[in-house]
Amino acid sequence: QLTTSAFEGCVALESVSGIANITSAPSAFAGTEALATINISGTIIPNHAFEGSAIEEVLYNDAQVVPTEVGESAFANATAIELMDLSKATLIGKNAFNGAENFVGTDAKSRNVVNITTGTINDGILSGTAVVRVQFVPAAATSLDLGLDIFGAAAALKQVKFTVPVNNGNG
(Lines give C-alpha, C1' and ligand atoms only; values in the text may rest on other atoms or scores of the structure.)
Protein backbone atom coordinates (compact mmCIF):
# COMPACT_ATOMS: atom_id res chain seq x y z
CA GLN A 1 0.00 0.00 0.00
CA LEU A 2 1.32 3.41 -0.97
CA THR A 3 1.57 6.26 1.51
CA THR A 4 0.72 9.95 1.33
CA SER A 5 2.71 11.80 -1.37
CA ALA A 6 4.59 8.59 -2.30
CA PHE A 7 5.54 9.83 -5.78
CA GLU A 8 4.43 13.45 -5.55
CA GLY A 9 6.54 15.66 -7.78
CA CYS A 10 8.35 12.79 -9.52
CA VAL A 11 8.19 14.63 -12.82
CA ALA A 12 10.09 12.00 -14.84
CA LEU A 13 8.13 8.95 -13.57
CA GLU A 14 6.78 7.22 -16.70
CA SER A 15 5.42 3.91 -15.45
CA VAL A 16 4.36 1.97 -12.40
CA SER A 17 4.38 -1.80 -12.86
CA GLY A 18 1.78 -3.96 -11.17
CA ILE A 19 -1.22 -2.70 -9.29
CA ALA A 20 -0.96 0.35 -7.04
CA ASN A 21 -3.00 0.53 -3.84
CA ILE A 22 -3.69 4.25 -3.54
CA THR A 23 -6.85 4.09 -1.40
CA SER A 24 -5.10 5.61 1.64
CA ALA A 25 -2.49 7.63 -0.24
CA PRO A 26 -3.54 11.25 -0.78
CA SER A 27 -1.30 13.08 -3.27
CA ALA A 28 0.35 9.78 -4.26
CA PHE A 29 0.98 10.84 -7.87
CA ALA A 30 0.38 14.59 -7.70
CA GLY A 31 2.62 16.50 -10.07
CA THR A 32 3.85 13.48 -12.01
CA GLU A 33 4.36 14.93 -15.47
CA ALA A 34 5.25 11.78 -17.45
CA LEU A 35 2.94 9.12 -15.97
CA ALA A 36 0.10 8.52 -18.47
CA THR A 37 -1.55 5.29 -17.25
CA ILE A 38 -1.81 3.49 -13.93
CA ASN A 39 -3.59 0.34 -12.75
CA ILE A 40 -5.01 0.74 -9.23
CA SER A 41 -6.26 -1.89 -6.78
CA GLY A 42 -9.59 -0.34 -5.83
CA THR A 43 -12.28 2.09 -6.85
CA ILE A 44 -11.51 4.86 -4.35
CA ILE A 45 -9.39 7.74 -5.64
CA PRO A 46 -8.13 9.77 -2.66
CA ASN A 47 -7.73 13.53 -2.25
CA HIS A 48 -5.17 15.15 -4.56
CA ALA A 49 -4.14 11.71 -5.95
CA PHE A 50 -3.35 12.97 -9.46
CA GLU A 51 -3.55 16.73 -8.96
CA GLY A 52 -1.45 18.58 -11.52
CA SER A 53 -0.34 15.35 -13.16
CA ALA A 54 -0.29 14.24 -16.81
CA ILE A 55 -2.39 11.14 -16.09
CA GLU A 56 -4.51 10.10 -19.07
CA GLU A 57 -6.06 6.88 -17.86
CA VAL A 58 -6.72 5.22 -14.50
CA LEU A 59 -7.41 1.50 -14.71
CA TYR A 60 -8.91 -1.04 -12.33
CA ASN A 61 -8.43 -4.68 -13.30
CA ASP A 62 -6.99 -3.47 -16.64
CA ALA A 63 -10.20 -1.61 -17.59
CA GLN A 64 -11.11 2.04 -17.12
CA VAL A 65 -11.92 2.56 -13.44
CA VAL A 66 -15.49 3.41 -12.48
CA PRO A 67 -14.75 5.02 -9.12
CA THR A 68 -16.99 4.76 -6.08
CA GLU A 69 -15.27 7.81 -4.57
CA VAL A 70 -13.26 10.65 -6.08
CA GLY A 71 -11.52 12.72 -3.44
CA GLU A 72 -11.07 16.46 -3.16
CA SER A 73 -8.94 17.87 -6.00
CA ALA A 74 -8.14 14.29 -7.11
CA PHE A 75 -7.73 15.36 -10.76
CA ALA A 76 -7.49 19.14 -10.30
CA ASN A 77 -5.37 20.62 -13.09
CA ALA A 78 -4.69 17.14 -14.51
CA THR A 79 -4.95 18.38 -18.06
CA ALA A 80 -4.56 15.04 -19.89
CA ILE A 81 -7.43 13.12 -18.26
CA GLU A 82 -10.35 12.96 -20.69
CA LEU A 83 -12.62 10.04 -19.80
CA MET A 84 -14.05 8.63 -16.59
CA ASP A 85 -17.44 7.18 -15.77
CA LEU A 86 -18.65 8.82 -12.54
CA SER A 87 -22.00 7.01 -12.41
CA LYS A 88 -21.04 4.80 -9.42
CA ALA A 89 -19.42 7.56 -7.35
CA THR A 90 -21.15 8.09 -4.01
CA LEU A 91 -18.71 10.92 -3.24
CA ILE A 92 -17.09 13.47 -5.54
CA GLY A 93 -14.94 15.81 -3.48
CA LYS A 94 -14.59 19.56 -3.85
CA ASN A 95 -12.76 20.63 -7.00
CA ALA A 96 -12.34 16.97 -8.04
CA PHE A 97 -11.80 17.83 -11.73
CA ASN A 98 -11.33 21.60 -11.40
CA GLY A 99 -9.04 22.74 -14.22
CA ALA A 100 -8.90 19.31 -15.90
CA GLU A 101 -9.47 21.15 -19.15
CA ASN A 102 -9.76 18.08 -21.41
CA PHE A 103 -12.12 16.10 -19.18
CA VAL A 104 -15.35 15.33 -21.09
CA GLY A 105 -16.90 12.53 -19.02
CA THR A 106 -17.69 9.10 -20.37
CA ASP A 107 -17.16 8.54 -24.10
CA ALA A 108 -18.32 9.60 -27.54
CA LYS A 109 -20.90 6.79 -27.71
CA SER A 110 -22.56 8.27 -24.62
CA ARG A 111 -22.39 11.74 -26.17
CA ASN A 112 -19.98 12.78 -23.43
CA VAL A 113 -22.64 12.76 -20.73
CA VAL A 114 -21.43 12.89 -17.14
CA ASN A 115 -23.92 11.02 -14.95
CA ILE A 116 -23.64 12.02 -11.29
CA THR A 117 -25.54 9.87 -8.81
CA THR A 118 -24.50 11.38 -5.49
CA GLY A 119 -27.05 13.63 -3.74
CA THR A 120 -24.49 16.23 -2.62
CA ILE A 121 -22.68 18.12 -5.35
CA ASN A 122 -19.53 19.69 -3.92
CA ASP A 123 -17.97 23.01 -4.93
CA GLY A 124 -16.15 23.28 -8.25
CA ILE A 125 -16.29 19.58 -9.21
CA LEU A 126 -16.40 20.22 -12.98
CA SER A 127 -15.11 23.78 -13.10
CA GLY A 128 -12.80 24.45 -16.03
CA THR A 129 -13.49 21.13 -17.79
CA ALA A 130 -14.62 20.33 -21.35
CA VAL A 131 -17.82 18.64 -20.13
CA VAL A 132 -20.71 19.11 -22.55
CA ARG A 133 -23.64 17.39 -20.82
CA VAL A 134 -24.29 16.60 -17.16
CA GLN A 135 -27.13 14.60 -15.71
CA PHE A 136 -27.76 14.61 -11.97
CA VAL A 137 -29.45 11.30 -11.18
CA PRO A 138 -29.07 10.72 -7.43
CA ALA A 139 -29.44 7.04 -6.61
CA ALA A 140 -30.88 7.35 -3.10
CA ALA A 141 -31.61 11.04 -2.65
CA THR A 142 -34.94 12.68 -3.35
CA SER A 143 -33.32 16.10 -3.78
CA LEU A 144 -29.92 17.61 -4.55
CA ASP A 145 -27.67 19.87 -2.51
CA LEU A 146 -25.55 22.00 -4.83
CA GLY A 147 -22.18 23.48 -3.98
CA LEU A 148 -20.67 26.69 -5.33
CA ASP A 149 -19.15 27.22 -8.77
CA ILE A 150 -19.83 23.64 -9.90
CA PHE A 151 -19.29 24.45 -13.59
CA GLY A 152 -17.24 27.67 -13.45
CA ALA A 153 -15.34 28.22 -16.73
CA ALA A 154 -16.71 24.99 -18.26
CA ALA A 155 -16.95 26.69 -21.65
CA ALA A 156 -18.21 23.62 -23.55
CA LEU A 157 -21.17 22.99 -21.21
CA LYS A 158 -24.40 22.84 -23.23
CA GLN A 159 -26.89 20.84 -21.16
CA VAL A 160 -27.62 20.15 -17.49
CA LYS A 161 -30.43 17.86 -16.42
CA PHE A 162 -31.78 17.55 -12.88
CA THR A 163 -33.98 14.51 -12.17
CA VAL A 164 -34.91 15.61 -8.63
CA PRO A 165 -35.53 19.01 -7.00
CA VAL A 166 -32.55 21.19 -6.12
CA ASN A 167 -32.38 22.33 -2.49
CA ASN A 168 -30.40 25.52 -2.99
CA GLY A 169 -29.34 27.75 -5.83
CA ASN A 170 -25.65 28.15 -5.07
CA GLY A 171 -24.35 26.22 -8.15
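Phe 97 is buried, its relative accessible area being 0%, where buried denotes under 20% relative accessible area, exposed over 50% and partly exposed in between, with a 1.4 Å probe and protein chains only. The model is a predicted one, in which local features need pLDDT of at least 70 and side-chain atom pairs count only at pLDDT 80 or more, while totals for chains, interfaces and linings use all residues. Residues are numbered from 1 along each chain as its sequence is written, and side-chain values use heavy atoms, with hydrogens and water left out.

Aromatic pairs were assigned where the ring centres of Phe, Tyr or Trp (its six-membered ring) lie within 6.5 Å, planes under 30 degrees apart being counted as stacked, over 60 as edge-to-face and the rest as tilted. By this rule the count is 7 aromatic pairs. Phe 75 and Phe 97 form one that is stacked, with 5.1 Å from centre to centre and 10 degrees between the planes. Phe 75 is located in the loop between strand S5 (69-70) and strand S6 (91-92), and Phe 97 in the loop between S6 and strand S7 (113-116), so that the pair ties together parts 22 residues apart in sequence; here strands (E, at least two residues) and helices (H or I, at least four) are DSSP runs numbered from the N terminus. Phe 75 likewise counts as buried, at 0% relative accessibility. The rings of Phe 136 and Phe 162 are also stacked, because their centres are 5.1 Å apart and their planes lie at 10 degrees. Since Phe 136 belongs to strand S9 and Phe 162 to strand S11, this pair ties together parts that are 26 residues apart in sequence. Phe 136 is buried at 0% relative accessibility, whereas Phe 162, at 37%, counts as partly exposed. One aromatic cluster is formed by Phe 7, Phe 29, Phe 50, Phe 75, Phe 97 and Phe 103.

Phe 162 also contributes, with Val 160 and Val 166, to a nonpolar surface patch of about 200 Å². Val 160 is placed in strand S11 (residues 159-162) and counts as partly exposed, with a relative accessibility of 33%. Ala 139, in the loop between strand S9 (133-136) and strand S10 (145-146), counts as exposed at 72% relative accessibility. The C-alpha atoms of Ala 139 and Val 11, which are 128 residues apart along the chain, are separated by 39 Å.

Thr 129, in the loop between strand S8 (120-121) and S9, is buried, with a relative accessible area of 4%. Its side chain reaches the backbone oxygen of Leu 126 at 2.8 Å, and the side chain of Thr 129 reaches the backbone nitrogen of Val 131 at 3.4 Å. When residues up to four places away in sequence are not counted, Thr 129 touches Phe 97, Ala 100, Glu 101, Phe 103, Ala 153, Ala 154 and Ala 155, contact meaning heavy atoms within 4.5 Å.

Ser 27 is placed in the segment before strand S1 (37-40) and is buried, with a relative accessible area of 12%. Ser 27 and Ala 6 are 21 residues apart in sequence, and their C-alpha atoms are 7.5 Å apart in space. With residues up to four places away in sequence not counted, Ser 27 touches Ser 5, Glu 8, Asn 47, His 48 and Ala 49.

Technical notes
Patches are made of residues with over 30% relative accessible area and no salt bridge: like charges are joined within 9 Å, nonpolar side chains (Val, Leu, Ile, Met, Phe, Trp, Tyr) within 5 Å. Accessible areas come from the Shrake-Rupley method with a 1.4 Å probe; for residues, only the protein chains shown count as cover. A salt bridge is a side-chain nitrogen of Lys or Arg within 4 Å of a carboxyl oxygen of Asp or Glu. A polar contact is a pair of N or O atoms within 3.5 Å; within protein, one must be able to donate a hydrogen and the other to accept it, and residues adjacent in sequence count only if both atoms are side-chain atoms.
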